[in-house]
Amino acid sequence: MKRSMKRSLSSKDLIDFILAAKIAKCNKECTWSLSHRPGSIDLQFARPSAGLVYSYSGFGHSESISQEVIYSSSDEAIWAMNQYIHIHESDDRSKINELTQEFSLKQYQQGRLLGSFNHSIKDYTYADDNNNNFFVLSGRWFIKLKDEIICECFYHGGLLIERWELQDQKRPSLKISRGT
């Protein structure tokens with residue numbers, strides 16, 4: 001029986017890789033990968049020197065759901081995030097998709113994955129806020145046209161396996177209380 005060894009990686013290196021992968025996705029630089037689910041869009045970004053692979057799989061256009069997973073070179077899922085995006089009634093869905101890419105790219109190029117981010121282009125405002133917890137992440141972003149929300153996304157994710165030890169941080173313990 002093979003003994004599983006703990007591997008180590010800094011959270012900064014992992015976050016930097018996630019940001020690089022998200023930038024590549026926004027810039028349409030990911031490679032298409034084989035879809036195992038009918039109707040899905042599947043993309044990959046790899047950085048062999050880091051031993052990490054980003055995998056994206058999503059469904060839909062104006063209503064969409066997607067999952068992003070970071071794998072080690074040995075195909076172990078390390079970190080993942082799920083997203084649900086809803087585009088409200090609008091005459092120009094392609095403009096909203098374009099804005100989403102533009103705002104996201106700006107955010108990731110600034111090295112922002114955690115915490116709040118706000119940016120405006122003409123009458124459009126983008127706001128992203130999350131719980132700032134890389135290990136158990138949850139958040140929401142939205143785009144407003146003037147004062148009306150025209151698109152919003154809810155997301156959650158986090159570190160998946162215990163065999164990965166982040167060199168610079170300990171995984172926080174989660175306390176669950178039950179009502180009496």
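Modeller: A disulfide is a pair of cysteine sulfur atoms within 2.5 Å. Before we use that, know that this is a predicted model, where local features need pLDDT of at least 70, side-chain atom pairs count only at pLDDT 80 or more, and totals for chains, interfaces and linings use all residues. Residues are numbered from 1 along each chain as its sequence is written, and side-chain values use heavy atoms, with hydrogens and water left out.

Biologist: Okay, how many disulfides does a search of the whole structure find?

Modeller: The count is 0.

Biologist: Is C26 buried or exposed?

Modeller: Here's the general idea: buried means under 20% relative accessible area, exposed means over 50%, and partly exposed is in between (1.4 Å probe, protein chains only). C26 has a relative accessible area of 12%, so it is buried. C151 counts as buried too, at 1% relative accessibility.

Biologist: Next, strands. Which way do β3 and β4 run?

Modeller: First the labels: helices (H or I, at least four residues) and strands (E, at least two) are DSSP runs, numbered from the N terminus. Two strands pair if DSSP finds at least two bridges between them. β3 and β4 run antiparallel, joined by 7 bridges, and L43 has Y56 in β4 as its bridge partner. The two strands form a hairpin with 4 residues between them, and G51 in the turn has a positive phi of about 70 degrees.

Biologist: And how many bridges join β4 to β5?

Modeller: There are 9, again antiparallel. S55 has V69 in β5 as its bridge partner, and a hairpin of 2 residues makes the link from β4 to β5.

Biologist: What about β9 and β10?

Modeller: They pair in the antiparallel sense over 10 bridges, with β10 covering residues 148-159. V136 stands opposite G158 in β10. Their hairpin has 2 residues between the strands, and K146 in the turn has a positive phi of about 60 degrees.

Biologist: Last one: how do I read a pocket?

Modeller: Picture a 1 Å grid over the protein atoms alone: a cavity is a set of points where a 1.4 Å probe fits but cannot get out, while a pocket is an open set with protein on both sides within 12 Å along at least five of seven lines, and lining residues have an atom within 4 Å of a point. Grid points are joined across faces, edges and corners, and a volume is the space filled by probe spheres set on the points. Here, the largest pocket holds about 820 Å³ of space. Its lining has 29 residues, and K25, I41, L43, Y56 and Q101 lie nearest its centre.

Biologist: Which element gives the most to the lining of the largest pocket?

Modeller: That's α2, with 5 residues.
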